[in-house]
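Thanks for coming, everyone. I'd like to walk you through some helix packing today. Here is the structure.

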Amino acid sequence: MSVAAIPTRRVLADVIARPSTRARAFALDAALVLTGAAVVAALAQVEIPLWPVPITGQTLGVIIVGASLGAWRGAAALTTYMALGLAGLPIFAGFTGSLAAVAKPSFGFVIGFIVSAFVAGWFAERAWDRRPLLAFAGFALASAVPFVFGIPYLAYVLNVGMGLDLTFWQILEAGLFPFIVGGIVKAALAALIVPGAWALVRRIDATKRS
């Protein structure tokens with residue numbers, strides 16, 4: 001059986017309600033997407049300032065939102081988060097937000113968050129989020145995704161935009177190495193929180209049946 005053929009299962013957001021009409025389903029999905037964007041916006045303000053990229057709680061929010069909403073709704077939530085921030089709402093790290101954010105060295109990571117949420121949701125749809133070890137593996141991969149976008153973007157802004165002429169190793173020292181441990185810790189936290197939520201759901205279901 002190919003990976004694409006593996007059947008998907010419901011994610012945490014699907015436990016909330018099962019709308020009977022298409023209009024209600026759309027309204028619920030829209031509300032979930034906006035809520036997901038709000039969660040990431042709140043965690044983005046948990047910040048350890050570093051140059052050129054601060055350590056924030058965004059990645060934890062991205063993983064939890066992606067896993068809770070599923071791949072497409074998770075990606076939509078992070079796309080909404082990015083769009084609202086670029087529109088001027090102060091929801092990026094440090095209560096910032098404007099179109100000028102695209103010129104910041106860290107903006108590539110914001111782009112990567114969209115794909116990261118999709119990856120976390122993809123694993124959740126295959127029930128990896130229900131066991132801590134599997135959840136950690138999937139969430140660790142999702143945590144690595146923003147660097148795929150963030151590092152090249154960082155290099156371009158610093159070297160081309162600012163003319164700093166940093167080496168590849170210096171770019172990694174600025175945009176990767178300081179965040180490895182934090183990324184592992186946030187993936188581990190998400191691997192406790194999300195399976196813990198599923199355990200609570202199972203307990204509630206068992207109580208209803210008894």
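Let's start with α5 and α6. They pack at an angle of about 155°, with their axes 7 Å apart. Keep in mind that this is a predicted model. An angle over 145° counts as roughly antiparallel. So α5 and α6 are roughly antiparallel to each other. Their crossing is right-handed.

Who makes this contact? On the α5 side, the residues include Phe 107, Phe 109, Phe 113 and Phe 123. Glycines take part there too, Gly 108 and Gly 112 among them. On the α6 side, look for Phe 139, Phe 147, Phe 149 and Tyr 153, among others. Pro 146 and Gly 150 of α6 also belong to the contact. By class, the residues of this contact divide into 17 nonpolar, six polar and no charged.

Stay on α6 for a moment. This helix covers residues 132-161, which is 30 residues. From first C-alpha to last, α6 reaches 42 Å, close to the 44 Å expected at 1.5 Å a residue. Where is the kink in α6? Find Gly 150: the helix bends there by about 30°, shortly before the proline Pro 152. Then move past the end. Just after α6, Gly 163 takes a positive phi of about 65°.

Helix α3, residues 58-69, packs with α5 at an angle of about 40°, and the axes are 7 Å apart. Therefore α3 and α5 are oblique to each other. This crossing is right-handed. From α3, the contact uses Gln 58, Thr 59, Val 62, Ile 63, Gly 66 and Ala 67. They meet Phe 113, Ser 116, Ala 117, Ala 120, Gly 121 and Ala 124 in α5. The residues here divide into seven nonpolar, five polar and no charged.

One more pair. α3 also packs with helix α8, residues 180-209. The angle is about 35°, and the axes are 9 Å apart. α3 passes α8 in a right-handed crossing. Thr 59, Leu 60, Ile 63, Ile 64 and Ala 67 of α3 make the contact. Their partners in α8 are Lys 186, Ala 187, Leu 189, Ala 190, Ile 193 and Val 194. How does this contact of α3 with α8 split by class? It has nine nonpolar, one polar and one charged residues.

That's my tour. Over to you.

Key
Residues are numbered from 1 along each chain as its sequence is written. This is a predicted model: local features need pLDDT of at least 70, side-chain atom pairs count only at pLDDT 80 or more; totals for chains, interfaces and linings use all residues. Side-chain values use heavy atoms; hydrogens and water are left out. Axes are lines fitted to C-alpha atoms, for helices over the stretch in contact, and angles run from 0 to 180 degrees between N-to-C directions. Helices (H or I, at least four residues) and strands (E, at least two) are DSSP runs, numbered from the N terminus. Angles under 35 degrees count as roughly parallel, over 145 as roughly antiparallel, 65 to 115 as roughly perpendicular and the rest as oblique. A crossing is left-handed if the near helix is turned anticlockwise from the far one by less than a right angle, and right-handed if clockwise. Contact means heavy atoms within 4.5 Å. Ala, Val, Leu, Ile, Met, Phe, Trp, Tyr, Cys and Pro count as nonpolar, Asp, Glu, Lys and Arg as charged, and the others, Gly among them, as polar. The expected span of a helix is 1.5 Å times one less than its number of residues. The bend at a residue is the angle between axes fitted to the seven residues ending there and the seven starting there.
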